[in-house]
Amino acid sequence: MTARKTPLYETHVKYGGKIVEFGGWLLPVQYAGILDEHKAVREKAGLFDVSHMGEVLVKGPEALEFLQKLVTNDVASMTDNKVQYTPMCYPDGGTVDDLLIYKRNNQEYFLVINAANIEKDWNWMKENSIEFDVELTNLSDETAELALQGPLAETILRKLTEAPLEQLGYYWFTPEVLVAGKPVMVSRTGYTGEDGFEVYCRPDEAAYLWEAIMEAGQPYGLVPTGLGCRDTLRFEAALPLYGHELSAAISPIEAGIGKFVSLDKGDFNGRAVLDEQKQSGPRRKVAGFVLTGRGIARAGYPVVYEGRQIGTVTTGSYAPTLEQNIGLALVEAEYAKVGQSFAVEIRGKNIPAEVIKKPFYHRKGK
Amino acid sequence: MNIPQELKYSKDHEWVKVEGSKVTIGITDYAQSQLGDVVFVELPELGSEVAAGAGFSVVESVKAVSDIYAPVSGKVIEINEALADAPEIVNQSPYDEGWIVVLEISDPAELNELLDSGAYAQLLAEGGH
C-alpha cells in the first residue's frame, strides 16, 4: 500500500520536516528536533498537522441512542457544542478505538477517530448502526485538521479570529468561525497536556491556514511540530495511545481510563465485562513507572518481579520535561500501586523501576 | 556533513581514530544527525573484549534504539563516562567530546578493512549503506 499524503505534505517539506511513514501516512516526525519542539509546546506553542485523523458524521433521529450503545461514556450528558472523550468497546470489553465526540445538537454528532483505525471503526460503526435510524458519513477525506498547542496558543489564534476564544472552555467547540478569513470549526482540545486548539478545515485551505497561523505565531516563538514530540508530550500527560495503552486486548478499565466508562447510562457494547472489571477490579492495570536504574524502557519490553514476567511496557521514553526515563506498562494489578518496585528487562538486564503517580506531567493554570 | 580526513570509517557509520595500538571509536556526524536527539548511551564494561562486527554499545535517541558495532576487535581500555550524564554530547561533538570507547586492538590487520574519508563520503552520497 502506498503511503498517503495530507494536504500539508508540501508544507512540511518546505519547513524542513523529516518525513516518515506513520499508520499509512507520510508525516513529519520532527523539524528542528524532538526535544526542542517538545519544549516549545510546553513553554510557548507548536503547530501540528493532524489531518490524518478520521472524521465521521452521525446524523438522524436516533443519533443519541446509537452513540449510547456504541461508546462507553455518557453521550446524553453532553450539551450542544461540547466535546467528549470516550472509548468505544467490543462486547468483550476490548477497545475498538478511543475518540472525540463533538455534539452539534441531539441529532448530529461529529466523531474524530484514530487514523490507523478509520476503516475498522467505520465498519464497526456501520454494523452497529443497523438497528438505529441514523445516517453515517465518512468525512475523513474532506477534513483537514491543525492542532495549535501550548500556553500561548490562545494569544496566537486570537490574532486571526474575532471569535471570543477566551470564553471557549476546555473541551468546548465553536462549529462555525472564521480563522484568517476561512470558515473552520475550532475546539479547545488537544493531545499534549497543554492548553490548545484543534482547527478543522477544508483540505484545500489547510496550507493557507498553516501559513497564517505560523505567521501570527512567529513573534511568540511558535514552531512547527512533528509526530515525535506529539508522542513524548502525550506520554508525559499519560494520555493513552491506541495500539499501546489501549487495544482490542486491553479494556478502558485496564488502561486506567475508567472514568470514561459510564455504568449509569443503560446498555452499551462491553458493559457486562466492564461493569465486572470496575466492581471487582481488573486483573491487569496500566501503571506509570520511573526507571531508578540506567536505561530507557521501550514498548514491548518485559516487566519482571522476582524472576517472573508480570507485564509488558506499553510506552517508554526519556521524558523531556521531567528529564527522567519513565514508562507506562500493563502489569498484573497487584503490582500497579504507587511505590511498588519491579524491573524492566532491557537487553537481557533487569533494570530497577518504581511505580509513580500518573500523569507524569500536569500543566499549571488552566 | 562533517567527515574529518584523518579518521577511518566503518560502513555502519562509526569512526575510528588510530594511535598506535589504541583506537578511539565514536559515531559519525551523519549517524548522530540520523538518530536525532541522543538521550542515552549504554557503555561497555571496562576490560571487556569486543569482536569486530559485534554490538558493544547502544545509543538511544528519543524515538530509536541503535546498536553501535565494533569496527575492529579489541579490549575496552577507556569509556567516555561523561556520556552517562550528558548523552547529548554525541550530537554536539560527535568526533571529539562525543567519543564512546578506546580499544586496545587485537588484530591491526582489521584496520585495513575500514574506509577512508573519501570512501565514506562516497558511501553517504550513494545513499548511506
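In this predicted model, β1, β3 and β2 of chain A form an open sheet of 3 strands, in the order β1-β3-β2 and with mixed pairing. Strands (E, at least two residues) and helices (H or I, at least four) are DSSP runs, numbered from the N terminus, and two strands count as paired if DSSP finds at least two bridges between them. The edges of this sheet are β1 (4-5) and β2 (18-22) of chain A, each of which pairs on one side only. Strand β1(A) runs parallel to β3 (residues 25-30) of chain A, and 2 bridges join them. One of the residues concerned is A:Arg4, whose bridge partner in β3(A) is A:Trp25. Helix α7(A) packs on the sheet and touches β2 and β3 of chain A, where contact means heavy atoms within 4.5 Å. The direction of α7(A) makes about 70° with that of β3(A); axes are lines fitted to C-alpha atoms, for helices over the stretch in contact, and angles run from 0 to 180 degrees between N-to-C directions.

Residues are numbered from 1 along each chain as its sequence is written, chains are lettered from A and ligands numbered from 1 in the order in which they are written. Because the model is predicted, local features need pLDDT of at least 70 and side-chain atom pairs count only at pLDDT 80 or more, while totals for chains, interfaces and linings use all residues; side-chain values use heavy atoms, with hydrogens and water left out.

Elsewhere in chain A, β11 (residues 173-179) and β12 (residues 182-187) pair in the antiparallel sense over 5 bridges. A:Val179 stands opposite A:Lys182 of β12(A). The two strands form a hairpin with 2 residues between them, and A:Ala180 in the turn has a positive phi of about 50°. Most residues other than glycine have a negative phi, and most peptide bonds are trans. Two further residues of chain A have positive phi values without being glycine: A:Ala238, near 55°, and A:Glu306, near 50°. A:Ala238 lies in the loop between α7 (227-236) and α8 (271-280) of chain A, and A:Glu306 in the loop between β16 (302-305) and β17 (308-319) of chain A. The peptide bond from A:Lys358 to A:Pro359 is cis, with omega near -10°. A:Pro359 belongs to the segment after β20 (349-356) of chain A.

Over all chains, the structure has 21 salt bridges, a salt bridge being a side-chain nitrogen of Lys or Arg within 4 Å of a carboxyl oxygen of Asp or Glu. One of them joins the side chains of A:Lys39 and A:Glu43 (3.6 Å, N to O). Both residues lie in helix α2 (residues 34-43) of chain A, 4 residues apart, about one turn of the helix.

Chain B also contains an open sheet of 3 strands, with the order β4-β6-β7 and antiparallel pairing. Its edge strands are β4 (38-42) and β7 (65-69) of chain B, each pairing on one side only. From one strand to the next, the twist averages 25°. Strands β4(B) and β6 (residues 55-61) of chain B run antiparallel and are joined by 4 bridges. Within this pair of strands, B:Phe40 stands opposite B:Glu60.

In total, 15 residues of chain B are in contact with 16 residues of chain A. The area buried between the chains is about 1400 Å², of which carbon and sulfur atoms give 49%; buried area is the accessible area (1.4 Å probe) that two parts lose on being put together, summed over both.

The elements that give two or more residues to the side of chain B that touches chain A are α1 (29-35), β4 and β6 of chain B. Of these, β4(B) gives the most, with 4 residues.
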